[in-house]
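Here is a short report on chain contacts, cores, domains and backbone geometry. Read it beside the model.

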Amino acid sequence: MRLRKYRGFLALLLVLTLVAAACGGGDDTGDGGGDTGTTAASGGGGGDGGGGDGGSSGETVDIRWFVGLGAGTDAPVIPLQEAIVEQFNSTYGPANGINLILEVSPDPDQSATLMQTQISGGNSPDIAGPVGVKGAAQFFGGWLDLAPYLADYDLTDFDPSLVEFWNQGGVQIGLPFAVFPQILWFNKELFDEAGLAYPPQDWGAPYVDADGNEKPWNLDTLRELAIELTVDSNGLTPNDDGFDPDARVQWGFGNMFNDFRGNASLFGGGSFVAADNETCQFPDNWATAANWYHDAIWDDYFHPDAAFGDSEILGSGNWFNSGNIGMIAIHTWYAGWGTADLTGGDNTDPGDVFDIAAIPAGPDGVITAKLHGDTMGIPKATENPEKAVEVLLWMMSPEIAPQLAAIYGGIPARESAQQPYITDPANDFGFDWNVALGALSYPDIPSHEGWWPAYQESSDAMNEWWTELTNDPGADITAGIDNLCGLLQPIYDRATG
Amino acid sequence: MTFSDAIAESRAGPKLRRGKMSDSEKHEAKLGLAFISPWLIGFLIFYAVPMLASFVFSLMDYNLATPEDAEVVGLANWARMLFDDSNVWQGLWVTTRFALISLPIGLAAAFFLAVLLNSTNLWGRNIFRTLFFAPSLVPFVASALIWSQVLNSQTGWVNRIIELFGINAVGIDGIRWLDTPYLIPFTFTFIGIWGIGNAILINLAGLQGIPTALHEAAQIDGAGWWRRLRTISIPMVTPVLFYNLVLGAVGLLQYFLQPFVLNGTTGYPEGATNFFMIYLYKQAFDFSQMGYGAALAWLLFFYGLALTVILFGTQKYWVYYAAGD
Amino acid sequence: MATTTPSQETIAQEATPEWKVRARRREILVKLGVTTFAAAVLALFLMPMGYAMVTSLKTSQQAADPQAPILPAEAVTFEYEGKEVDVLQVPIDGETRELAIVRKGRQDSDFVDPGNLEAGVITWEGAWRQLSPVREPAWQWGNYKEAWDFINFPRLLFWTLLYSFVTLIGAVTSSAFVAYGFSRFKFPGRTTLFIVLIGTILLPPAVTLIPSYAFFTWIGWTGTWLPLIVPLMFGNAYNVFLLRQYFLTIPREMEQAASVDGAGPLRTFVEIILPQAVPALTAVSLFHFFFAWNNFFDPLIYLAGNRDIVPISVGLNFFNGTYDTDPNLIMAASFIALIIPLVIFFFSQRVFLSGIVVSGADK
C-alpha cells in the first residue's frame, strides 16, 4: 500500500515538474526576443528600463559584440579587434557607462547556430558583425531597425545606394562601413612562364597580347588565356595532343568561394525571382553562365573541378594561394591573408608574384564586378538597444569606421576615408588599390546576394542543383536550367503564400 | 540458467503491482530506487524540462531568428512532416539503409578486432590496442580534413594505393568515393570503422570479464579455439554485444557529423547523403525552423524508441545474463 | 588461424623434451602469424593517420606541389640575382647536369650552373616540367612548435584535463550506482524508467539545445564550465547501460553468500561487485575520458565568449578560418593533443590485465 502511494507521489512529482517546465520553457522562448522579459538572464539587465535617457545612471552596462557571421575570426585580426574594444573602453565607454566585450566565435562554421542559441536562449549578443548580406539574411526579421536612430544622423559621407543596400525588407539593419569589390587576381610567374601578356588594369581597356595585338577584354579572351595557363605534368595544355586532364598540375582560371549566383555575376546581375517577388525565373545571361562554367570545368579543363579544388594541390580550397592557378576572381577581402603562402618565404615582394586587374566584360560587353559589403547589426533581442546603438554609431564614426574597414581588408564605405585608405602604407598588399577602387563603378545589380523568398531554403536548393551539375562531367545543363524553377517555385510558394 | 529481459519483466509487471508486495520486496524496491536516485534527480533537473520543451516547440511556428514571434500552430508541423514532405521519408530511408549496411559490418569488425587484440598469441598487445584505438582520439576537426583529403578522387591516398594494384582508381573516371550515390553508404561505413575504438574497447572489457576458469575447463575437455569462441566467448559477451548493437543503432539513426562535414547539407550526390539528422539540422538551424525541426526530432525519437523496444524484445533469444533476474 | 592456435595449448603436462621443442617452435610460428596479420590490418587502419603525420610535417607549399614525393621534401634552390630558383636535373649532351632554372618557358628555358656561374646562361629546348627537380628531405618539425605556441597549449590542456578528470570521477561513480540499481533490484516501473533512460539519448540533442541553454542562462551558468560538468555528475545513459549489461554477466552466488554473512547492499556493491567489474569500469572510464576530451559542441556553445577557458577540441578550430585553413598546423596540433590520451590508454592496459587476474582468481 505504502509503496503504491510512493509511486503515485513520484509520478505526480514528475508530471508537475514537466508541466512547470513546459510553462518555463514556453516563457523563455516567448520572451527571448523581448526587451523586457529576460532580465533574469544577466545581472546587467537591471538598469535597462530607464537607461535610455543617458549614461549618467552610474551603472555600467556590458555590451557584447559577437564576431563570427563573416570576417573577423581569423587569428591575425583578433588582436586588432581587441584593440578597437580597448580604444572604446578607454575613451567613450567609461564616460557613458558602457563596457564593450568582444566575443569571437570559436568556429566560424558554428557561428550562426551559436548566435541562434544565444538569441533564443535569452542571452542575445548586443552587436553582431561584421556581417554581409548573406549572413544577415539568416537572421531576417531578427535585426533592430536603425531608421529611428538615424533620423538626424549625417549620411552625406555615404553613397546613398550603399545605405540602401542595408535596407532589408523595410528594416535598416546597419550602416555600411566597408565595401569589397571583386577584382581579377593573376599570378605573374605563371603568365611569364606561358609567355602571355598581363591582363589590363584599366577598367574597359582592351587586352594587349605579347605581340602587341589588341583584343577586347572579355570572357572569351579570358578563356583563351586560361586554356594556355592550364598545364599537365608533361607541360601540355588542353590545346595540345596528349593532354591528360587527370594529370593537371596547373589551372587557368577559377571563381572561388561562390555559390552559383556569385559565379554567374560575371555575366551580369540577375535574380531567380521576378519583379513580383514570388515567381521564379532563370535569366538568360545566367543560363549562358551555367553553360560556360560547365564547359570550363569539363571541356576546356581550365577551371578546377570539386576534386582538384578541394585537394592540397589547390591549397585545400584556397586555390590562388597554392600558386597553381593563373587567375581568380575574388573580392578585396582576400588581400593579405589569402595570398600568405603564395608570397610568404623567399623574401619575395608580393608585387613580384601576383597583381590585380580589371574584371573582363561579359558576353554583352558589360563589365560586372560584384560587390560585397559589411555592416554591424543589432539583434532585436538585445536587452540594451539604446546602449547598443550608441556603440554601433561610435563604430560607424568617421574616426573608427575606416579602422574597422582596414581590419577586414575592406575599402571604407565613407567616401572621405577612401583615398587615405588606399594610400596608407599599412594597407599595401603589393597591388595598386586604384584598380580595386575602379571596380566600384561596376556593381552587380541586382546583387548576387539579393533577397529572394525563403533565402536560406532557396539557396540550399540552388546549391544542391548546382553541385549536382558541376560535379557530373556529362550533366545536361539545358535540362538542368529548365529544372531549377521546378525546385524553387514550391519553396517560394510556401514562403509567400 | 535464467534468461531475463525487460519485455518479459514488463509483462510480469502488472501482476506484481496488483498483488501485495512482501516486506522484502518492498525493501528491495526501496533499495533499487535509492541506487538509481542520482540519475532520476539529474534527469528531472537537466533532461525532462528541455525534452518536454522541445515537444512543445514541435507544436509551434518557431523561427530562431525571431523567437518573440513564436506561436502555437497545433499539429501543423506534424501534418507537414507526415503528409507533405518527401524529404522526411527519403531521410528515414537513407538513414535506415545506411544503418542496415553499416551496423553489421561495424559490429563484426569491432568484435573481430577485439578477439584479435585479446589473443595471447599477439606480441605487443598493449601497443596494438593503443594504436587501434588511436584514430578514435583524433579530434574531429582533424579527422574531417584527413578524410576529405585521403578520399579525394584525384589526389587521395586511398585511390593512389588502389592504383598500385593495377585498378584504375585515380581521376575523373576513377573511384569517386564521395560523389557516387551507391558508394556513399560504404564510404561512410569505412570512415565509421576507423573510429571503432570504443566498440572494440567495450568488447575487450567483455572478453576480459570471462572467467579464465571457463576457458581452462574447456581446454581440458579438448575444445579447440573456434569451439571455445562459439560456446564460451560469444555467449559470455552477448550482453556487451547487445549494448553495442543498441547504441550502434541509436547512434546511426542520428548519424550526422561525417556527411555534414564531407558533403555538406545539400544531400549531394543525388540525395544519398540526405540523412535524417542532416535534414533536421538544416530545417532547425540553417532555415531557423526550430518548430519543424523539433517535430522531426520527435519522429526520430519514436522511431528509435520502437527500434529499441524491439531490440530489447529480442534479448531473450540470444543474450545470456549470468546474473539472471 | 583456427586450426593452428590450439597447438600452443597442447603443451601438455607430460611433454617430452623433444615434444617441448617442437611445440615451442610451433607456438612461435603461430605468434608470428597472428602478429603479422594484426600488423597488416593495423597498417591499413592507420593509413589516414600516416597521411596526417606526413602533412603535419610539410609546409603548405610542399603540400601544394603536385609532383612532390610522399615524404616531406623540397626542391633544392639556388639564389640567382636575388631570387630563389629551383635546381633541376637537365639532360644535356648525353649527361644529366644539376642546373638552376632562371627563366621558365614553354618551348625552352634558361639555366645556370650553380657551380660555374661564369659559364653563363644555358638555354635548353623542351618542357621544363618534364625535368625532375633535385630534392632534399625537409621535415617541418617547426609546425609543431608553431601549433603549440599559436593556441596556448598548456592552458587548453589544463582545462581539458580538469574537465575530463572531474567529470570522469563523477560520471563513473554515479553511473555505477545507477547501473547496480537497475541490474540487481526489482522495483515497480523499472522497465519504464530504463526506457526513459535510453530515451534521453534517442532524442537528438539539437532540439533540446535551446531549452537547455535557456535554463542554464536562467540560472546564470552560461560562460562557465558548470553546464558541462554538473549534468554529468548524475550518471548518463551510455555509462549506465554499459555497466548494467556488465553487472548482469556477474553471477549472483557471491552476493548471496555475502548477504548471508550480513553484508548490506552498499557493502556488497563496493566489495563484491566493483572488484569484479574492473574491466568494465576501466572501459567506461576511458570511454568517458575520451568523450570529454573530444567533446566539441557543448563547450563551443556554453563557453562562447570566453576563449581563455576552452578545451583543446574547441581551441583547434582557431586554425580554421572562415575561408582559410592550415591543414598542416591542425594536424600537428591534433597529434600533440593525441599524446596524453594515448599514454593514458597505454597504461590503463595494466588495469585491464589485472582485471583478468581478479576474475580468474575469484572463480
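## Conventions

Helices (H or I, at least four residues) and strands (E, at least two) are DSSP runs, numbered from the N terminus. A:Pro446, for example, is found in the loop between helix 17 (433-439) and helix 18 (455-471) of chain A.

This is a predicted model: local features need pLDDT of at least 70, side-chain atom pairs count only at pLDDT 80 or more, and totals for chains, interfaces and linings use all residues. Residues are numbered from 1 along each chain as its sequence is written, while chains are lettered from A and ligands numbered from 1 in the order in which they are written.

## Interfaces of chain B

Two residues are in contact if their C-beta atoms, placed from the backbone, lie within 7 Å.

Towards chain A, 37 residues of chain B are in contact with 41 residues of chain A. Helix 2 of chain B again gives the most to its side, with 8 residues. The classes on that side are 19 nonpolar, 12 polar and 6 charged.

## Nonpolar cores

A nonpolar core is a set of buried Ala, Val, Leu, Ile, Met, Phe, Trp, Tyr and Cys residues joined through C-beta atoms within 7 Å. Buried means 20 or more other C-beta atoms within 10 Å of a residue's own, exposed means 12 or fewer, and partly exposed lies in between; C-beta atoms are placed from the backbone.

The largest core has 306 residues, and A:Ile127, A:Leu184, A:Trp185 and B:Ile200 have the most contacts inside it. Helix 2 of chain B supplies the largest share, 15 residues. Another core lies apart, with 13 residues, including C:Phe78 and C:Phe111.

## Domains of chain C

An automatic or database assignment sets the domain bounds. Chain C has domain 1 (6-56), domain 2 (73-137) and domain 3 (149-362). The centres of domains 2 and 3 of chain C, taken over C-alpha atoms, are separated by 59 Å.

## Backbone exceptions

Most residues other than glycine have a negative phi, and most peptide bonds are trans. A cis bond joins A:Gly129 and A:Pro130, with omega about 5°. Another cis bond joins A:Ile445 and A:Pro446, with omega about -5°.

C:Asp93 is not a glycine, yet has a positive phi of about 50°. C:Asp93 is exposed because 5 other C-beta atoms lie within 10 Å.

Key. Nonpolar A, V, L, I, M, F, W, Y, C, P; charged D, E, K, R; others polar.
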